[in-house]
Amino acid sequence: MTWISKAPIVVPYDFSAESKDAVDMALSLLDSSDGVHLIHVLGELSPADPGEIWDTVDENTRTQHATQAIRKELSDEKYKDLKIVIAFGDPGEKICHYAEQIEANSILIPSHGRSSIMRVLVGSVADRVVRLAHCPVIVLKKPRK
């Protein structure tokens, strides 16, 4: 499994327990946390959004808030060298674009295990990443109980 344990590894992060487990799995595959690139994708703001109208929220402030929230949640020493990137737009596309940009060796993504109906209605970021990625994608699924 040497191809899996080569940096950089991209891990999409959405503040769920599953995404934190994916970060921990990536850390266990590498010798140091500096090879793990965590990406969090935010939706675009609507022109009708109050923050846009009153010019109080922009991509810079949203990036700062998201980065602070991630650093607060992943405050343990083992996470200190993680590279954190905040992107805006379609999560599947942004994750794959970033992985290609940094020439990632793999993407480690959790699957939230939605039912097939929910996946049809809301889509699956993991499915989209598997289809669009330039590199191997490891989808972590929780075992059924």
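**A walk through the model**

Modeller: Let's start at Glu-103, which sits in the loop between H4 and E4. Keep in mind that this is a predicted model.

Biologist: OK, is Glu-103 buried or exposed?
Modeller: Glu-103 has a relative accessibility of 62%, so it counts as exposed.

Biologist: And what is its phi like?
Modeller: The phi of Glu-103 is positive, about 55°, although the residue is not a glycine.

Biologist: Let me zoom out for a second. How many helices and strands does the protein have?
Modeller: There are 6 helices and 5 strands. Starting at the N terminus, the order is β-α-β-α-α-β-α-β-α-α-β.

Biologist: How much of the protein is buried?
Modeller: Buried residues account for 35% of the 145 residues.

Biologist: What comes up in the loop between E1 and H1?
Modeller: Phe-15 lies in that loop. Phe-15 has a positive phi of about 75°, and it is not a glycine.

Biologist: How accessible is Phe-15?
Modeller: Its relative accessible area is 30%, so Phe-15 is partly exposed.

Biologist: What does the backbone nitrogen of Phe-15 lie 3.5 Å from?
Modeller: A polar atom in the side chain of Ser-19. Ser-19 itself is in helix H1, residues 17–29.

Biologist: Is Ser-19 buried or exposed?
Modeller: Buried, because its relative accessibility is 0%.

Biologist: Which side chain does Ser-19 have a polar contact with?
Modeller: That would be the side chain of Asp-14, at 3.1 Å.

Biologist: And which residues does Ser-19 touch, leaving aside neighbours within four places in sequence?
Modeller: Ser-19 is in contact with Val-11, Pro-12, Tyr-13, Asp-14 and Pro-110.

Biologist: New topic: the helices. How do H4 and H6 pack?
Modeller: H4, residues 91–101, and H6, residues 125–132, pack at an angle of about 40°, and their axes are 8 Å apart. That angle is why the two helices, H4 and H6, count as oblique to each other.

Biologist: Is that crossing of H4 and H6 left-handed or right-handed?
Modeller: The crossing is right-handed.

Biologist: Which residues meet there, between H4 and H6?
Modeller: On the H4 side you have Pro-91, Gly-92, Glu-93, Ile-95 and Cys-96, and on the H6 side Val-125, Arg-128, Val-129 and Leu-132. The residues of this contact divide into 6 nonpolar, 1 polar and 2 charged.

Biologist: What is Ala-99 in contact with, beyond neighbours within four places in sequence?
Modeller: Ala-99 is in contact with Val-10, Ala-104, Ile-107 and His-134. There is also a C-alpha separation to mention: Ala-99 and Cys-135 are 36 residues apart along the chain, and their C-alpha atoms are separated by 8.0 Å.

Biologist: Let's move on to strand E4. Is Ser-106 buried or exposed?
Modeller: Ser-106, which is found in E4, counts as buried because its relative accessibility is 1%.

Biologist: Which residues is Ser-106 in contact with, leaving aside neighbours within four places?
Modeller: Ser-106 is in contact with Ile-4, Pro-8, Ile-9, Val-10, Cys-135, Pro-136 and Ile-138.

Biologist: One last stop. Where is Ser-111?
Modeller: Ser-111 is in the loop between strand E4, 106–110, and helix H5, 116–122.

Biologist: What does Ser-111 touch, not counting residues up to four places away?
Modeller: Ser-111 touches Glu-18, Val-139, Leu-140 and Lys-141. As for Val-139, it is 28 residues from Ser-111 along the chain, with 6.2 Å between the two C-alpha atoms.

Biologist: Great, thanks for the tour!

Key:
Residues are numbered from 1 along each chain as its sequence is written. This is a predicted model: local features need pLDDT of at least 70, side-chain atom pairs count only at pLDDT 80 or more; totals for chains, interfaces and linings use all residues. Side-chain values use heavy atoms; hydrogens and water are left out. Axes are lines fitted to C-alpha atoms, for helices over the stretch in contact, and angles run from 0 to 180 degrees between N-to-C directions. Helices (H or I, at least four residues) and strands (E, at least two) are DSSP runs, numbered from the N terminus. Angles under 35 degrees count as roughly parallel, over 145 as roughly antiparallel, 65 to 115 as roughly perpendicular and the rest as oblique. A crossing is left-handed if the near helix is turned anticlockwise from the far one by less than a right angle, and right-handed if clockwise. Contact means heavy atoms within 4.5 Å. Ala, Val, Leu, Ile, Met, Phe, Trp, Tyr, Cys and Pro count as nonpolar, Asp, Glu, Lys and Arg as charged, and the others, Gly among them, as polar. Buried means under 20% relative accessible area, exposed over 50%, partly exposed in between (1.4 Å probe, protein chains only). A polar contact is a pair of N or O atoms within 3.5 Å; within protein, one must be able to donate a hydrogen and the other to accept it, and residues adjacent in sequence count only if both atoms are side-chain atoms.
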